[in-house]
Each structure stands twice: as structure tokens, then as C-alpha cells.
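Thanks for making the time this morning.

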Amino acid sequence: MIAATPVRYSPDLETVKPDERETISGLIDQFDIILEKTAEDYGHAVRSVHAKAHGILEGTMTVKDGLPPEFAQGLFAKPGEHPVYMRLSTNAGDILPDAVALPRGLAIKVVGVEGTRLPGADGNNQDFVMVNGPVFQTPDPKKFLSSLKLLAKTTDKLEGTKTVMSSVLQTVNKGLEAVGVTSPTIQSLGGAPNVDPLGETYFSVTPFRYGDYVAKFRVKPISPDLTKRTGTEIDASVRENAIRETVQAEMQETRGLWEFQVQLCRDIEAQPIEDPTVEWKEDEAPFVTVATLSAAPQDSWSDAKVQKVDEEMRFSVWTGLADHQPLGGINRARNETYRHSADFRAKFNGCPFHEPQQ
């Protein structure tokens, strides 16, 4: 049963825990362990999460005309086209062989967005950071800190051990799925199916302000060139960059079209703000398409594109409009930690970040 009216945004929807500041400091300490360890290993600083990219796409976001008032908000308030950059990735903080199967990520930078900016948001762009699953693995920053400590302990060059562990976890995960159970924890540790990222559906997982309302976001493939790859697994047992090479070969002929969808919060109890482990069910809060993303055939791993996007850009949910303010404890924790990670990378590599201009 769909509620008639969506929940209106109010700062009171968020609940900040008394020890949140201390938890964020702890997260930064753990990210530092990952950043310093990987920079020492590679002689080059990489992202503390989603370090390995599988493809960089350039395309266009087309905002739909005639949207109902509750969906014509923020970036989507008026129809038009924007250039976009899309970065496909895997969520670990170290550069692992693709045989270590982990959840996929999609980061989007929409260029040339008008409106009041979030505090400290550089440029005039709007970022969206997504993964190929509808829920986060932990309910709050404190539990996330516990998970991150485990990740920090395993961030090193023991790739053979991780590959074996991933193979075992993939088998466990498939066994669970066979009986109708999915485990974000097992998937986040290396048990995710090794799927083609071009066929995946991506979710914001956490909620955001949507102008006068509150929403989560989803990017869903709809062109035949993409949907035929949905659920297709890539054999990464021999080539350590098999996913990147597969995407690069496929994008030579792929016409990519995705729907960018919005899911308005309609019931605070059923669709909580502070616990991203709770899935917002579609039958209670349906997704509505507000824009499309398109990408023509291209080289998804050219040297110029990798330098411009993978090296010189940062993606953060806190880069964007005040109308799309990130909400909830996990998002609040992402603000300072993302910037800290990016600053470390820029300083270590001697490569400042650039927000692209339209």
C-alpha cells in the first residue's frame, strides 16, 4: 500500500548520537592505516575505498520534462542535459586481482548544476556514489568502524590469501542465495558474485534530501547492450584485470542507457533515515524515473580518461547541492572521511583535484 504523500524534509529527521564525533575520528584513523599501507605498497596513493576502477565512461544525463512537482526538485527541477562522468569500481581500498570478488561501485559526476551548494562543496557539479545492492552492511558509524578495522587489518599484499578466501566466500554466498538468503557481510568480505558491472543496477543505499522531500536513488540499465549483461559473471581466475579488460572490449560497441530513479520516503518507520541496513520496499515507496544516463561506444580505459577522472577527480556524496544533502549517520561520517582521504591522495601524489567545468 503506497502512502498518498511523501514525507517532507526537516532537519529533525536526523538523530545525531552523542559519540558520533569520536566515532568519525576513529574512522579517519582506520582510513589512514589503509591509505598509508597502500601508498607504501604501490608508491602511489589510491582511494581508501573503491580504489580499483574497471572503467571510466563519459556520457550525458537528460532530465525529463513534465515531472510531477514532488519529483521536480533540486538538480531535477527543470529539464535539460548535463555532461556526466561515470566511474565503475570495486569497493576494496587496495588494488586486488579481480579474482577477489567484491561488490561493484558506480560514482557519477553530473557537470554544470545550478543552485545553492552544500558547505565546502567545490565547483558546480553534483556527485552520486552508488553500489550494486540496496542496503549498507552496517546500520551506523560505530558498527561501520568495527568493519573498517577488519578491512584495515587485511589491507596489504597478501593477494593469494584473499583470492582463496574470496573463492570460498563466493561458494558460501551462492549456497545462501540458493535458499533465498543474501548476506551483505559475506559479499563485502569477498563473496560477491563476479558480475559484469555494465549490467548491474546501482543504489545510493543511504538517504538524501530531495528538495522538499527525502529520497534514495537508483541507476538501472535499460538498453539491450546493458541488460544482456545483467547477472553475467566474468572469469577472473587467470587475468588479474579481467573486469577492466572485459568492460573496455564491450564498450567499443556498447550503447549504454540507464534510468536514473528516485524513491521518495513515505513512512519514516518503514523507510528509516538513520539505518541504511533497512531496505525501502518498492511496493511501499516506488522508484520513479526522473532522468536518463547515456553513454556512446568509447574507450573506457584510455590514458587521458584515466588521468582526468581516476587520478584528478574526487567523488563524494557531499559534493553537490544543498537540495541533495546527504542524510543519516553513515552519510554524516562520509563527509570528513572522504575529504581526508582525498587530501591524503592529492598531497602524496602531488596532484590536486579538479572539478570539471561545463
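This is a predicted model: local features need pLDDT of at least 70, side-chain atom pairs count only at pLDDT 80 or more; totals for chains, interfaces and linings use all residues.

The side chains of arginine 21 and glutamate 336 form a salt bridge, with N and O 2.8 Å apart, where a salt bridge is a side-chain nitrogen of Lys or Arg within 4 Å of a carboxyl oxygen of Asp or Glu. This pair joins distant parts of the chain, since arginine 21 sits in helix α1 (residues 20-42) and glutamate 336 in helix α8 (residues 329-349), 315 residues apart; helices here are DSSP runs of H or I of at least four residues, strands are E runs of at least two, and both are numbered from the N terminus. Arginine 21 counts as partly exposed because its relative accessible area is 46%, and glutamate 336, at 36%, is likewise partly exposed; the scale calls a residue buried under 20%, exposed over 50% and partly exposed in between, with a 1.4 Å probe and protein chains only.

Residues are numbered from 1 along each chain as its sequence is written, and side-chain values use heavy atoms, with hydrogens and water left out.

Across the whole structure, the search finds 17 salt bridges. In another of them, lysine 78 pairs with glutamate 114, the closest N and O atoms being 3.4 Å apart. Lysine 78 lies in the loop between β1 (52-63) and β2 (80-90), while glutamate 114 lies in the loop between β3 (104-110) and β4 (126-131), 36 residues apart, and both residues are exposed. There is also a network of salt bridges that links Glu14, Glu20, Glu274 and Arg332.

On a 1 Å grid over the protein atoms alone, a cavity is a set of points where a 1.4 Å probe fits but cannot get out, and lining residues have an atom within 4 Å of a point. The volume, about 40 Å³ for this second largest cavity, is the space filled by probe spheres set on the points, which are joined across faces, edges and corners.

Notes
On a 1 Å grid over the protein atoms alone, a cavity is a set of points where a 1.4 Å probe fits but cannot get out, and a pocket is an open set with protein on both sides within 12 Å along at least five of seven lines; lining residues have an atom within 4 Å of a point.
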